[in-house]
Amino acid sequence: MKKGFKLFDYSKPGKGVKKAETDYSFFGFFKLFKRKFFDLSKVNFLWILLNFPLFFGFVGLSGNFNIDFSSPASPFSPIVNGVGLFNNGAEITALGEIIGKDVIMSYPGPTAELLFGLTALVILTIGFANTGMAFVLRNHSREEYVDMPGDFFRTIKKNFGQGLLLGIIDVVISAALIFAMVFYSTNANVNTLFGMSYFFSFFVIAIWIMMHFYMYQLLVTFKLSTYKILKNSFIFAMIGIKRNIVALIGIIVTIFLNIMIYVYFLPLGGLLPFFITIALVSFIGTFAAYPNIKKIMIDPYYKSSDYVNDTPEESSLFKDRG
């Protein structure tokens with residue numbers, strides 16, 4: 001490197017400016033969100049791009065590949081037709097005219113079923129997308145520089161195997177919880193146990209959502225096994241319950257507002273998930289979770305003697321894996 005006079009050489013050590021502490025309060029979130037709005041939209045786009053199998057599902061749901069068929073509009077039509085076989089009176093004929101009209105319905109054809117099958121490939125991509133997003137949003141929440149899209153994909157590469165495994169576990173457990181909720185909802189009137197299980201499923205799903213605030217953050221921040229990531233995420237979901245509940249309410253409100261915008265302003269409401277909603281929902285959880293992680297796992301480590309004695313590449317638990 002050539003040596004010469006540098007008037008503004010920022011690489012030299014100096015007194016510098018002390019970095020201000022991030023305000024992790026309720027109003028601090030909105031201030032930070034305002035500053036990071038366009039950064040969140042970037043990571044939202046990358047998340048959508050990486051989870052491209054979801055587009056197959058959207059196309060399948062469009063109805064363009066459904067097969068149409070006609071069906072009686074009234075459920076009583078078969079009964080009237082059956083009676084008409086034995087009684088051809090004017091009353092039955094008139095009643096048949098009233099409720100015997102057919103309507104056009106449709107069901108997914110082979111192409112639509114293929115598209116739905118391809119959508120299942122998201123089980124292989126969602127872990128990567130969540131891993132990259134977790135690193136980016138964590139750094140945004142503590143107001144650190146992020147090189148986009150480099151840091152997003154670099155984090156995925158460094159955590160490839162564990163990100164894939166955690167994503168598969170994530171999808172399987174999420175699908176099982178949704179199936180259980182639907183099953184108990186359908187059979188809630190069968191007996192009291194099913195009714196209680198239906199309401200209990202909401203509690204379990206809420207805990208699972210709050211665990212998501214921590215799972216991928218722990219993955220990109222610490223050297224932990226997948227089992228310990230899930231275990232610690234559950235512990236954090238419990239001990240950080242106050243911030244977690246506030247974040248959960250914020251996520252519900254965000255999704256509700258997006259649905260309302262979709263209902264009354266269809267073009268905008270349909271585009272929001274592709275532009276900001278997914279990243280915003282994840283950012284709410286990240287912002288709520290990081291102070292708990294910092295207080296319980298990061299700060300004690302830096303204050304301990306292990307921080308001085310450990311070899312970072314070998315024995316240190318804390319390691320930024322982005």
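**Group meeting: a walk through a predicted model**

Hi everyone. Of the 322 residues in this protein, 38% count as buried. Please keep in mind that what you see is a predicted model.

Let's begin with the overall picture. The protein has 13 helices and two strands. Its accessible surface is about 20100 Å², and carbon and sulfur atoms account for 70% of that.

Now, a word on confidence. The mean pLDDT of the protein is 83, with 77% of the residues reaching 70 or more. Where does pLDDT stay under 50? One such stretch is residues 1-18, and for these the model has one contact beyond four places in sequence. Residues 311-315 also have pLDDT below 50, and that stretch has seven contacts in the model beyond near neighbours in sequence.

Which residues of α10 are buried? They are Thr 226, Ile 229, Leu 230, Asn 232, Ser 233, Phe 236 and Ala 237. And what do the buried residues of α10 pack against? Their partners are α8 (160-186) and α9 (192-221), along with α11 (241-264) and α12 (266-303). If you have the structure open, look at α10 with those helices around the buried residues.

Conventions. Residues numbered from 1 in each chain as written. Predicted model: local features only at pLDDT ≥ 70, side-chain atom pairs only at ≥ 80, totals over all residues. Heavy atoms only, no water. Helix = DSSP H or I, 4+ residues; strand = E, 2+ residues; numbered from the N terminus. Buried < 20%, exposed > 50% of the residue type's maximum accessible area, 1.4 Å probe, protein only. Areas by Shrake-Rupley, 256 points an atom, 1.4 Å probe, with all protein chains shown as cover. pLDDT = per-residue confidence, 0-100. Contact = heavy atoms within 4.5 Å.
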